[in-house]
Every structure is written in C-alpha cells, then in structure tokens.
Amino acid sequence: MAFTGAGVSAESGVATFRGAGGLWEGQPVEEVATPAAFQADPDRVWRFYEQRRHSVARARPNPAHTVLAGWQDRFPTYTLATQNVDGLHQAAGSRDVLELHGSLWRVRCLSCGRDRYEPLVPLPQLPPRCATCGAMERPGVVWFGEFLPPGAIEAAQAAAGTCEVLVVVGTSAVVYPAAGLVGIAAAAGARVIEINPAESALAELADVVLRGPAGEMLPLVNERLREA
Ligand code: OAD
C-alpha cells in the first residue's frame with residue numbers, strides 16, 4: 001500500500017500546505033477551507049480553489065507518481081490512498097486511487113447533491129451553478145470539520161489493516177483521520193517505509209526512513225525492487 005501527501009507533488013511544482021511557502025502560510029485555514037468560511041463568503045473560497053485549479057492544471061506528474069502508478073501492475077493487491085486533491089496520481093496512470101480529501105476536479109451541488117467532474121480551467125462561471133437545479137455548487141474537496149468520503153476512508157483503513165508494507169510519501173502526517181492509516185498498518189504488523197526529506201510526525205512508526213525527495217527516492221526503491 002502507498003499513502004501520499006502534498007510532498008509527492010512538490011517536485012511537480014504544486015505547493016505543499018505546511019512550512020515555508022506552504023499554502024496555509026498567510027492564508028488562515030478557517031478563512032478558506034471550512035464550511036463556515038464558504039457560507040460566509042463563497043466567492044472568496046471559490047477564488048482560492050479556482051487559483052489552485054489554475055496552478056495544478058499546469059502541473060505534470062513527476063517520477064514519484066510514475067513509480068507509484070507502476071506498482072498497480074506489479075502487485076495484485078496494491079492500494080494507493082492519497083490526501084491530495086490534484087489528480088496527479090491519475091494523470092500518471094494510477095487507477096482506483098482512494099482520494100481521502102476529495103478532488104479539485106469535482107464539484108457538488110449544494111441543493112440537489114449532484115456530484116460531477118469539472119475539468120474546465122478557468123471555470124466558465126464562478127461560483128459554478130448546477131445544470132440540473134440551478135443552485136450554487138461547492139468544491140468537491142473535504143474541508144476541516146467535515147467527514148471524509150466514507151467509501152474512500154473505509155477502503156483505505158481496510159487496506160492499511162491488511163497490507164504487508166506501507167510506503168508513506170510526502171506527508172507531515174498530522175491531519176486525522178487520514179494520518180491514522182499509518183498507525184493502523186503498524187499495529188497490524190506491516191513494515192512502514194517513510195519517504196520525506198524532512199522529519200514528520202512518523203518518527204515512532206516508521207521502520208525505514210528515506211530522507212530525500214520522492215522524485216529521487218522512489219525511482220531508487222523501484223530499481224531495488226526490480227533487482228529483487
Ligand atoms: P503538508 O504540507 O502538511 O506536508 C507535506 C510534507 O511533504 C512535509 O512533511 C514535507 O517535508 C514533505 N515534502 C516536501 N517536499 C517533498 C518531496 N519532494 N518529496 C517528499 N516529501 C516532500 O501536506 P500533507 O501532509 O499532505 O487537508 O497535509 C495533509 C492535509 O493537510 C492535506 O490533505 C490538506 C491539509 O490541510 C485538507 O485540506 C483537508
């Protein structure tokens with residue numbers, strides 16, 4: 001199983017959330033990524049997400065995404081769970097990605113609940129409106145204080161509880177319940193391999209730590225696997 005965070009897309013030019021230059025720096029989370037923020041000022045929240053859609057639309061998958069996509073053909077019971085909303089795993093060819101925090105490329109109607117794929121950048125209308133009922137739509141991402149998509153988190157927890165090896169890539173591992181996947185895997189006896197150039201909250205849980213950028217470390221790991 002692989003579990004990824006913003007760091008896996010850093011070498012594609014997508015900003016991470018925490019740390020210097022991170023997305024949440026100078027942009028208080030509660031002003032853009034909570035249901036209350038959206039209720040108070042949907043235009044502002046939509047402008048933030050439209051900006052992210054613009055920057056991610058220009059980004060291309062990097063070698064880390066490519067290696068993680070390749071494992072689905074090599075390991076029959078492989079699961080890829082991500083906290084990322086950028087769609088770069090899918091762009092690299094990954095199928096059935098468990099998107100724990102939703103996707104920048106989906107929008108959902110606030111009134112009838114219709115959920116749809118919306119790839120257009122820029123959006124033809126901001127905020128977008130539902131073609132079925134005319135109500136305002138919201139970004140298809142998970143905000144702070146909201147539940148994760150039940151199908152995705154349940155499938156990820158089940159995979160974590162039965163996997164042999166969990167490769168954790170580019171996450172600070174501080175946002176729950178997603179970060180809890182690592183504890184589930186470790187408690188069930190999996191080997192935990194962390195790839196991250198900096199220290200994270202996983203110090204106690206990782207059996208192996210590869211301190212380097214994902215785009216360099218994962219191709220190296222893959223080469224070793226090929227020799228094995
Ligand atoms: P963070 O920004 O918290 O952490 C990014 C991690 O990536 C850090 O630990 C960095 O050290 C690491 N990193 C940076 N460059 C890297 C590289 N080239 N290769 C590998 N790792 C690298 O991002 P997440 O852990 O993904 O949630 O954040 C989790 C959640 O918090 C996000 O999904 C988002 C955010 O608030 C929601 O919006 C609900």
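Analyst: Asp96 lies in the loop between helix 5 (88–91) and strand 3 (98–99); helices (H or I, at least four residues) and strands (E, at least two) are DSSP runs, numbered from the N terminus. This is a predicted model, in which local features need pLDDT of at least 70 and side-chain atom pairs count only at pLDDT 80 or more, while totals for chains, interfaces and linings use all residues. Residues are numbered from 1 along each chain as its sequence is written, and side-chain values use heavy atoms, with hydrogens and water left out.

Asp96 is not a glycine, yet has a positive phi of about 55 degrees. Most residues other than glycine have a negative phi, and most peptide bonds are trans. Two cis peptide bonds can be described in the same way. Leu126 and Pro127 are joined by one, with omega about -10 degrees, and Pro127 belongs to the loop between strand 5 (115–117) and strand 6 (137–141). Another joins Tyr176 to Pro177, with omega about 10 degrees; Pro177 is in the loop between strand 7 (165–169) and helix 7 (180–187).

Next, the ligand. The ligand sits in the largest pocket: on a 1 Å grid over the protein atoms alone, a pocket is an open set of points where a 1.4 Å probe fits, with protein on both sides within 12 Å along at least five of seven lines, and a molecule sits in it if more than half of its atoms lie within 2 Å of its grid points. Among the 22 residues around the ligand (a heavy atom within 4 Å), Arg18, His101, Thr171, Ser172 and Asn196 come nearest. The shell comprises eleven nonpolar, nine polar and two charged residues, where Ala, Val, Leu, Ile, Met, Phe, Trp, Tyr, Cys and Pro count as nonpolar, Asp, Glu, Lys and Arg as charged, and the others, Gly among them, as polar.

Polar contacts here are pairs of N or O atoms within 3.5 Å. A ligand nitrogen is 2.8 Å from a side-chain N or O atom of Glu11. A ligand oxygen lies 2.8 Å from a backbone N or O atom of Ala6, and an oxygen of the ligand is 3.3 Å from a polar backbone atom of Gly170. The protein covers 90% of the 800 Å² of accessible area that the ligand has on its own (Shrake-Rupley method, 1.4 Å probe).

Terms used. A polar contact is a pair of N or O atoms within 3.5 Å; within protein, one must be able to donate a hydrogen and the other to accept it, and residues adjacent in sequence count only if both atoms are side-chain atoms. On a 1 Å grid over the protein atoms alone, a cavity is a set of points where a 1.4 Å probe fits but cannot get out, and a pocket is an open set with protein on both sides within 12 Å along at least five of seven lines; lining residues have an atom within 4 Å of a point.
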